[in-house]
Structure formats: structure tokens, C-alpha cells
Amino acid sequence: MRPPLLVSLNGGRGAADGPAVPMSPGALAESALGAVAAGAGEVLVHPRTPCGRESLSPRVVGPTLEALRDAGVGVPLSVPAGVPAEPDPAARLERVRSWPVLPDRAEVRFAEPGAVELAEALLDRGVSVDAVVPLGGPAGPEPLARFLAWPLRDPGGRVRLAVELAAAQPALVAGLGGLPPVALLLYGRGDAAWPVLRLAARCGTGARTGAGDVLHLPDGRRARSNAELVAAAVAVRAEADAADAAGTAGGAEVADGARGSGARGSGATAGSR
């Protein structure tokens, strides 16, 4: 069985990016319900103040999560805990420790200072962690090195490695074989979003879509909603499954390399040989 598909509802976008990007708690809840109905198994939401600024304040995060849960969104909810919402590492820790309403999971970007301390604070509160590591872009090797240097204290499998690929480069995925045995999610943004999702589908890893990452469909049309993006991602995964079943996947060589690196298999983990 494939890992759940994650939908990023709004990301760092604003109202100027079009109607596919929900902004208010009510619009986020409606968008999340549509995305889940279309096949999303997890929801990532960037909580915002009424003026549109990202925030980690408990007065913003709590009501946003409650709006989604009260609307009937029954899948795990995730929020980012990063620089756009709170630039100061110490203040990020203070905010996270003050949350009375907790998400199921939180994103921690290992390209940002204080990532390890923040991840451990979240785990201590019972919040699972997506350790976000960019590969193939300007961040260089430091974020991955910082993740590898972190002695994972997570016997319950609550840490997932979320690799943001600048392009769909199979060699980068094959190179993840030496990582700790954690669940693996691959995603891209903008023009890289659909090629990386196809790569994730061939490799059997977790995948992500949504207006927070991409505003167009695979055929180039502008997406009207997160539900439309999720439906397209589900179709891409189904095509990969059909190709696998027929033994004619165009990415067979990629998938073979991913299997060797531990990216394919039960739980879609990296580093499990």
C-alpha cells in the first residue's frame, strides 16, 4: 500500500495567487474537505493572522486546527514551524511549547538554524516531525548533513524525511540509501512539482501536491482547487501502479535504484536495506 498523499493547502502563497489558494480558516476547512474527498490522506496548512501573515502564535495555530477538525477533516493535520512564521529560533521553541492545541505533525526545515532543538521539542510534545531537507538546489549539502548528524531518538517512527527536490533527479533518490531508516516523502515546487511527483510514484515513496507547491495541473491548465490538484496526483500514482503491474514502467530503472536504496517497500523508508 502506498503512503498517504499529502496536500499542502496554501503554503507561502497569498490571495493574489488566485482562488485555488484558501486563506481564511473557513476556506481552509472547505478546501481540506475537498482535497480529502479527492484522495488526500494528510493535510498541511500554514496558519495565518487575519492580515495574512504566517504565525506560530497559539491564538492563530489553535483556531486554524480547530476549524479544520470541527469541519470534519479526519486525516492527520500538519503545520510548518519555520522562519516565515517566526524568524528567531528561541521564539520558535517558545511558541511550539505554548501550543494548547497540537497538530498531528509539524514541518521542521533543516536548512534553518535551531532545527534539531525544534524537532526534539515537537517530539517531546507528542507531535510527529517532517524533517524537510532540500536537495539539488542552492542550499547545498548542509541541511542533509545536519539531519544525518541528528541522533534520532524516535523508536515510534514519528520522524519522516521530506526531501524537497529542485528537479526530478533519480540519482539523488538513489543516493538516499545511507540514511537512517525513516519514512521518506519526495516533493517539488513549481515546475518541479509534477516531475518529482511522478518520480515519487515510481519509487513508491510518500508524495505531496497542493496549491502551496503548484498552481497548474500536469497538462498546464490552471488548477481551480486543491481537490483538482489532488485528483491529478492520484491519477499519476494510479498510472505508475498500472505500469508496475504490467511490468512496463518507463521508470523501471529508477524504481530499481530506489529499491536498492530502500526507497521502495513497506513503509517507503530510506536507509532500510
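User: What makes α7 oblique to α8 in this model?
Analyst: In this predicted model, helix α7 (residues 193-203) and α8 pack with their axes 9 Å apart and at an angle of about 40°, where axes are lines fitted to C-alpha atoms, for helices over the stretch in contact, and angles between N-to-C directions run from 0 to 180 degrees. Angles under 35 degrees count as roughly parallel, over 145 as roughly antiparallel, 65 to 115 as roughly perpendicular and the rest as oblique, and α7 is therefore oblique to α8.

User: Is the crossing of α7 and α8 left-handed or right-handed?
Analyst: The crossing of α7 and α8 is right-handed, a term that applies if the near helix is turned clockwise from the far one by less than a right angle, anticlockwise being left-handed.

User: Which residues of α7 and α8 meet?
Analyst: On the α7 side they are W194, L197, R198, A201 and R202, and on the α8 side L229, A232, A233, V236, R237 and A240, contact being heavy atoms within 4.5 Å. By class, this contact has eight nonpolar, three charged and no polar residues (Ala, Val, Leu, Ile, Met, Phe, Trp, Tyr, Cys and Pro are nonpolar, Asp, Glu, Lys and Arg charged, the others, Gly among them, polar).

User: Why are α1 and α8 described as they are relative to each other?
Analyst: The axes of helix α1 (residues 25-38) and helix α8 (residues 226-246) come within 8 Å and cross at roughly 20°, and α1 and α8 are therefore roughly parallel to each other. The crossing in which α1 passes α8 is right-handed. S31, G34, A35 and A38 of α1 make the contact with N226, A227, V230, A231 and V234 of α8, with six nonpolar, three polar and no charged residues by class.

User: Which residues of helix α3 are buried?
Analyst: In helix α3 (residues 89-98) they are A91, R92, L93 and V96, buried meaning under 20% relative accessible area, with exposed over 50% and partly exposed in between (1.4 Å probe, protein chains only). Their cover includes α4 (115-124). Across the protein, buried residues make up 53% of the 273 residues.

User: Where does pLDDT stay under 50?
Analyst: On pLDDT, the predictor's confidence in each residue from 0 to 100, residues 249-267 stay under 50, while the protein averages 89, and 89% of the residues score at least 70.

User: How are residues numbered, and which atoms do side-chain values use?
Analyst: Numbering runs from 1 along each chain as its sequence is written, and side-chain values use heavy atoms, leaving out hydrogens and water. Local features need pLDDT of at least 70 and side-chain atom pairs count only at 80 or more, whereas totals for chains, interfaces and linings use all residues.

Terms used:
Helix = DSSP H or I, 4+ residues; strand = E, 2+ residues; numbered from the N terminus.
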